[in-house]
Amino acid sequence: MLRIGICDDVRETVEYHANVVQRIMRQLSLNVDIRKCYTGNELLIEMEDGGNFHLILLDIEMENMNGIETARKIRSLDHYVVLIFVTAYNQYSREAIEVQPFAYLNKALDYFEVKKAIEEAYNRQIEIEENFSFQVNRIWHSMALKDIYYFRSELRKIYIIGKLSEQCFYGKMDRVEDRLQHKRHTFLRIHKSFLVNCRYIARYSYERIVLRNGDELEISRSNRSMVRKYYMEMLDSGM
């Protein structure tokens with residue numbers, strides 16, 4: 001079942017958006033739990049009480065705590081939710097890139113654009129089940145990709161820096177990169193020694209990135225143009 005949050009400070013808008021979502025879910029033959037919220041605080045409380053959402057439709061121009069502020073707090077709790085800003089304006093596009101929105105939609109809601117977002121949310125639900133397996137002393141271990149910040153190579157060892165633990169195994173970074181290319185998660189090779197989960201990039205500059213756990217990693221000179229290209233494509237996708 002998909003858990004979808006709808007947040008707008010106008011009740012009529014919330015009802016309209018909920019009806020659109022219900023129609024799409026019936027067409028896709030998927031079960032849905034829709035939660036209607038009228039402030040950013042209500043949405044955050046709903047996450048705390050009922051768990052994370054798979055998709056959120058979030059109004060930007062709310063009073064008190066606006067959509068951008070709400071989205072920042074959402075991302076501090078969940079990096080995988082499909083987040084859609086609903087707005088009549090576009091002046092927030094660059095400011096909002098840090099919270100990685102899936103799309104910006106007009107409040108009238110395009111049926112097919114919302115349907116595309118719901119399908120993405122469904123795919124993400126499958127995506128978070130993905131794991132990375134590795135062998136230590138002939139025993140196989142596994143870690144959820146959603147819990148991995150980055151891989152670091154040192155001599156012949158690969159270190160997995162995760163949200164819950166740090167693991168180590170013997171291997172080659174090129175081989176790890178090849179394996180991850182077939183996954184739904186996106187990992188970016190910023191250096192011969194670093195392979196990072198793009199979902200956890202908090203800040204980017206020409207020479208380094210900062211991850212959401214606070215780690216700063218160097219971008220090698222040979223990889224800077226590729227990393228910049230990825231970042232600009234991500235920025236343009238939110239315009």
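Reader: Which residues of helix H3 are met by Gly40, Leu43, Leu44 and Met47 in H2?

Author: This is a predicted model, and what follows describes that prediction. Helix H2 covers residues 40-50 and helix H3 covers residues 67-77, and each of them supplies residues to the contact between the two. On the side of H2 these are Gly40, Leu43, Leu44 and Met47, and the residues they meet in H3 are Thr70, Lys73, Ile74 and Leu77.

Reader: Is H2 roughly parallel or roughly antiparallel to H3?

Author: Two packed helices are described by the angle between their axes and by the distance between those axes. For H2 and H3 the axes are 10 Å apart and the angle is about 10°. Angles under 35 degrees count as roughly parallel, so H2 is, in relation to H3, roughly parallel.

Reader: Stepping back to the whole chain, how does its radius of gyration compare with what the globule rule gives for 239 residues?

Author: The secondary structure of the protein chain comes to six helices and 15 strands. The globule rule gives 18 Å for 239 residues, and the chain comes close to that, so it is as compact as a globular protein of that length. Its own radius of gyration is 19 Å.

Reader: What share of the residues of the protein chain counts as buried?

Author: The C-alpha trace spans about 60 × 40 × 30 Å along its principal axes, and the accessible surface of the chain comes to about 12900 Å², of which 45% belongs to carbon and sulfur atoms. A residue counts as buried when its relative accessible area is under 20%. Of the 239 residues, the share that counts as buried is 50%.

Reader: Is Tyr200 buried or exposed?

Author: Tyr200 is found in the loop between strand S12 (194-197) and strand S13 (201-204). Apart from neighbours within four places in sequence, its contacts include His79, Tyr80, Ile148, Tyr149, Lys163 and Arg212. The relative accessible area of Tyr200 is 0%, and since the limit for this class is under 20%, Tyr200 is buried.

Reader: Gln100 and Asn137 each have a positive phi; which class of accessibility does Asn137 fall into?

Author: Phi is near 50° in Gln100, a residue other than glycine, and Gln100 lies in the loop between strand S4 (82-86) and strand S5 (103-105), where its relative accessibility of 14% makes it buried. Phi is also near 50° in Asn137, again a residue other than glycine, which has its place in the loop between strand S6 (131-136) and strand S7 (139-144). With a relative accessibility of 70%, against a limit of over 50%, Asn137 counts as exposed.

Reader: How far apart are the C-alpha atoms of Leu155 and Lys172?

Author: Leu155 lies in the loop between strand S8 (148-154) and strand S9 (157-162), and at 85% relative accessibility it counts as exposed. Leu155 and Lys172 are 17 residues apart along the chain, and the separation of their C-alpha atoms is 9.2 Å.

Reader: Which class of accessibility does Lys36 belong to?

Author: Lys36 has its place in strand S2 (residues 32-37). Leaving aside neighbours within four places in sequence, Lys36 is in contact with Ile6, Val14, Glu15, Ala18 and Glu42. Its relative accessible area is 37%, which lies between the limit of 20% for buried and that of 50% for exposed, so Lys36 is partly exposed.

Definitions and conventions: Residues are numbered from 1 along each chain as its sequence is written. This is a predicted model: local features need pLDDT of at least 70, side-chain atom pairs count only at pLDDT 80 or more; totals for chains, interfaces and linings use all residues. Side-chain values use heavy atoms; hydrogens and water are left out. Axes are lines fitted to C-alpha atoms, for helices over the stretch in contact, and angles run from 0 to 180 degrees between N-to-C directions. Helices (H or I, at least four residues) and strands (E, at least two) are DSSP runs, numbered from the N terminus. Angles under 35 degrees count as roughly parallel, over 145 as roughly antiparallel, 65 to 115 as roughly perpendicular and the rest as oblique. Contact means heavy atoms within 4.5 Å. The radius of gyration is taken over C-alpha atoms; the globule rule is 2.2 Å times the number of residues to the power 0.38. Buried means under 20% relative accessible area, exposed over 50%, partly exposed in between (1.4 Å probe, protein chains only). Accessible areas come from the Shrake-Rupley method with a 1.4 Å probe; for residues, only the protein chains shown count as cover.
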